[in-house]
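Please look over the sequence and the fold below before reading on. The paragraphs that follow move from one residue to its surroundings, and then to the chain as a whole.

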Amino acid sequence: MISNINHVKRVMGNLSAKKKYGQNFLIDSNIVDKIAKNACDSNCLTVEIGPGLGGLTEMLLKYSKAVDAYEIDKDMYDILIDSIDDKRLNVYLEDFMDTDISKYQNQEIRVCSNLPYYVTTPILFKLFESTLNISKITVMVQKEVGDRFKAKVNSEDYNALSIIVQYLYDVKHEMSVPKNVFYPAPKVDSAVISFTPKVDRDAEFEKKFFSLVKNSFVMRRKTLHNNFKQFLDNETIEKIYTTLNLDKNIRAQELTLADFLKINELL
Ligand code: SAM
C-alpha cells in the first residue's frame, strides 16, 4: 500500500513535501479505498489531478477501467512511475491548468483528486466550465471550501458560486476527513465532496443565467433592488418584484435557486 506513513517516508527519502504545490499525502489506505470506490466506475476512465506518490492512484486503478494522472512536480512523477507498474495508467508531467481536456470529449469520464489547496477553485472551474461528459467529480478539499459549495439560502457562505454550482450539480458531502490522515498534516480538516451533473448543458442559457446570478450578488450588503438597478431597466425590475411578490428590501442571499430561475425566465 502506498498510502502508508512508512512507505511515504521511505520513497520521499531526502525530499520534503513542497508547500507551493500543496503536497499533503494521504496515509490512511482505508480512507483512500473508500474515496476511490465512491468516485470510480469500472467502465470509465478516471482522470486524477495531482497523483503525488500514487496512494490514491493505486486505488483508482482498482475501481476504474484506466487512469490518466496529471502531476506538476517532476520529483513526484519520477517516484510514481517507479512505484506503479500498470498498463492502464498514463502519467503526464503537466500542470493540469495547462492541460487540453478537450481530448476527452468523445467519452464518459470520472474525475477524482485530493486537490492541491492553492489551486482548488481554478481547477474546479476548469471542470465545471467544460462541456465534457464527466459523470462524477469527487474531490478532497478544505472543509470550508466544501461548505461554500453546499451552502444553503440565507447562510453566510451562500453566494453566486453556490447557486451556479447547485444549478449544475447534485453536490454531496461524502465524508469528513481529519487532518491526521495526511502527511504532513495540514492546518485544517478536509472533506470529500462529489458533484454529479443534473442538467443538460446549454451554453447560451448558462451565459444569461450565470450573469444574472453574478450581477445580483455584486454588492452583497445592498438590496437586490440596488443590484438590479445596475443592469436592468425599471420596468423589468417592477415586473420581477410583482410576479415573484418580492419585498423591496430583500437581498440576493435570501433568494433560492428556483427564484433565480423564475427571474431569468422573465428577462
Ligand atoms: N494524490 C496524492 C495523495 O492523495 O496522497 C497527493 C495529493 S497532494 C494534496 C496534491 C498533488 O497535486 C501534489 O502531488 C502536487 O505536486 C500536485 N499538484 C499541485 N499543483 C498541480 C497542478 N497545477 N497540476 C497537477 N498537479 C498538481
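Leaving aside neighbours within four places in sequence, Thr-46 is in contact (heavy atoms within 4.5 Å) with Cys-40, Leu-60, Ser-64, Ala-66, Val-67, Asp-68, Arg-110 and Cys-112. Thr-46 is found in strand S2, where strands (E, at least two residues) and helices (H or I, at least four) are DSSP runs numbered from the N terminus. With a relative accessible area of 0%, Thr-46 is buried; buried means under 20% relative accessible area, exposed over 50%, and partly exposed in between, using a 1.4 Å probe and protein chains only.

This is a predicted model, in which local features need pLDDT of at least 70 and side-chain atom pairs count only at pLDDT 80 or more, while totals for chains, interfaces and linings use all residues. Residues are numbered from 1 along each chain as its sequence is written, and side-chain values use heavy atoms, with hydrogens and water left out.

Strand S2 (45-49) also supplies at least two residues to the lining of the largest pocket, as do strand S1 (25-26), helix H3 (55-63), strand S3 (66-71), helix H5 (120-129) and strand S6 (134-142). S6 gives the most to this lining, with three residues. A pocket here is an open set of points on a 1 Å grid over the protein atoms alone, where a 1.4 Å probe fits, with protein on both sides within 12 Å along at least five of seven lines, and lining residues have an atom within 4 Å of a point. The largest pocket holds about 780 Å³ of space, a volume being the space filled by probe spheres set on the points, which are joined across faces, edges and corners. Of its 47 lining residues, Tyr-21, Gly-22, Gln-23, Asn-24 and Pro-116 lie nearest the centre.

Elsewhere, the loop between helix H6 (143-150) and H7 contains Val-153, which counts as partly exposed at 31% relative accessibility. Which residues does Val-153 touch, not counting those up to four places away in sequence? They are Tyr-158, Gln-253, Glu-254, Leu-255 and Thr-256. The C-alpha atoms of Val-153 and Ala-252 are 9.3 Å apart in space, although 99 residues separate the two in sequence. Gln-253 lies in the loop between helix H10 (234-243) and helix H11 (257-266) and counts as buried at 13% relative accessibility. Beyond four places in sequence, Gln-253 touches Val-153, Asn-154, Tyr-158, Phe-217 and Arg-220.

Asn-154, also in the loop between H6 and H7, has a phi near 75 degrees, a positive value in a residue other than glycine, and counts as exposed at 54% relative accessibility. Asn-245, in the loop between H10 and H11, likewise has a positive phi, of about 55 degrees, and is exposed with a relative accessible area of 69%. In the loop between strand S8 (182-183) and strand S9 (190-197) lies Pro-184, and the peptide bond from Tyr-183 to Pro-184 is cis, with omega near -10 degrees.

Taken as a whole, the chain has 11 helices and nine strands, and its C-alpha atoms fill a box of roughly 65 × 40 × 30 Å along the principal axes. Of its 267 residues, 49% count as buried. Among contacts between residues at least 6 apart in sequence, 64% join residues at least 24 apart.
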